[in-house]
Amino acid sequence: MTSIADIQHEIKPELTLLNERIAQRLHSSNQLMNTVIENYLKVKGKQIRPILVMLSARLLGTVNERVIASAAAVELLHNASLIHDDVVDDTRTRRGVTTINGLWDNHVAVLVGDFFVSAALQEAIATGDSRAIESIANLGKLLSLGEIDQIYNARYHCLSEDAYLGVINRKTASLFVACVEMGAYAVDADVASIGHLRKFAELLGLCFQIKDDIFDYFDDEKIGKPTGNDLREGKITLPLLHALLENPGSPMRELAMKDQLDEQEILTLINYAKECNGIEYSYDYMQRLYRQAVKELDYLPAGPGRDAFDALFRYVISRES
């Protein structure tokens, strides 16, 4: 069975090229900018998004320089969105590491985030493919709209699965879709294959965010954020949303709609979501997404490349951080 570690090992040379390219693209004549960025780049996650770019290219062609540039573009824009989100949410640590705004200040963080956006656009241009440029430009809009949708839903208490799915489609799944698009564009893949990859990536992105939202209901150092953080920010995610929709007359609905929750109220809502099978429902939902995604893979070339996509989806469901 292919694991995420197997996938990372298989494309290690490409990931090395990617990280070297990103560091080179972000180097500037300003010492402060270089210091902030060098410190930021020391910590790398699983790099699932650029891995998606490379897996798409491998499945439908061969990894080339355009593929590496495409992977750099999405990874840079993704990191720009994280840096800006930390400012918006006043987040001081991410994955146990001090954020740029926590280490420096919001002014520096916003400017560094803007620098990442510009670097992402430069990498998209370097592909020489207008479709890649359009994909990155559209992605920037969707990520912003997803965050605005989330603020709107929290402020006006939009409690529906459709509203929730709309938010996570824009703020998370859109990035996964852009990854497979750009990987496929870089190897001149056929339109039908790109369509199936897009749908797979959308389902994968939805699943990724649902799993992230489940983490908010448990206390674990590996996750790197405090339990109930979403509720502190007024975000009602799938586990609690399911509990509230299944019990419309419950007093918990009124509590969940309060503008400010204290720590005891947050704990009460977390326990309510668990007692009403919100966690189980969310896991079942991810399994339904997986079954839909596997059907999309059936249309793509069989072999190790397709197996890697299947393994990546299963990893997203089972991951612990």
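Which residues are buried in helix α3 (residues 31–41)? Before looking, note that this is a predicted model, in which local features need pLDDT of at least 70 and side-chain atom pairs count only at pLDDT 80 or more, while totals for chains, interfaces and linings use all residues. Residues are numbered from 1 along each chain as its sequence is written, and side-chain values use heavy atoms, with hydrogens and water left out.

Select α3 and colour M33, N34, V36, I37 and Y40, which are buried (under 20% relative accessible area, with a 1.4 Å probe and protein chains only). These residues lie on the same side of α3, because they cover an arc of only 165° around the axis. Now show what covers them, which includes α2 (12–26), α5, α6 (100–103) and α7 (106–126).

Next, select helix α5 (residues 65–88) together with helix α8 (residues 130–155), which pack at an angle of about 25° with their axes 11 Å apart. The two helices, α5 and α8, are therefore roughly parallel to each other (angles under 35 degrees). Show the side chains where they meet (contact means heavy atoms within 4.5 Å): A73, V74, L77, S81 and D85 in α5 face I136, L139, G140, L143 and E147 in α8. By class, this contact of α5 with α8 has 6 nonpolar, 2 polar and 2 charged residues.

Finally, move to helix α9 (residues 161–185) and helix α10 (residues 191–215), whose axes are 7 Å apart and which pack at an angle of about 135°. The contact of α9 with α10 holds 16 nonpolar, 4 polar and 5 charged residues.

Technical notes:
Axes are lines fitted to C-alpha atoms, for helices over the stretch in contact, and angles run from 0 to 180 degrees between N-to-C directions. Helices (H or I, at least four residues) and strands (E, at least two) are DSSP runs, numbered from the N terminus. Angles under 35 degrees count as roughly parallel, over 145 as roughly antiparallel, 65 to 115 as roughly perpendicular and the rest as oblique. Ala, Val, Leu, Ile, Met, Phe, Trp, Tyr, Cys and Pro count as nonpolar, Asp, Glu, Lys and Arg as charged, and the others, Gly among them, as polar. Buried means under 20% relative accessible area, exposed over 50%, partly exposed in between (1.4 Å probe, protein chains only). The arc is that of the directions from the helix axis to the C-beta atoms.
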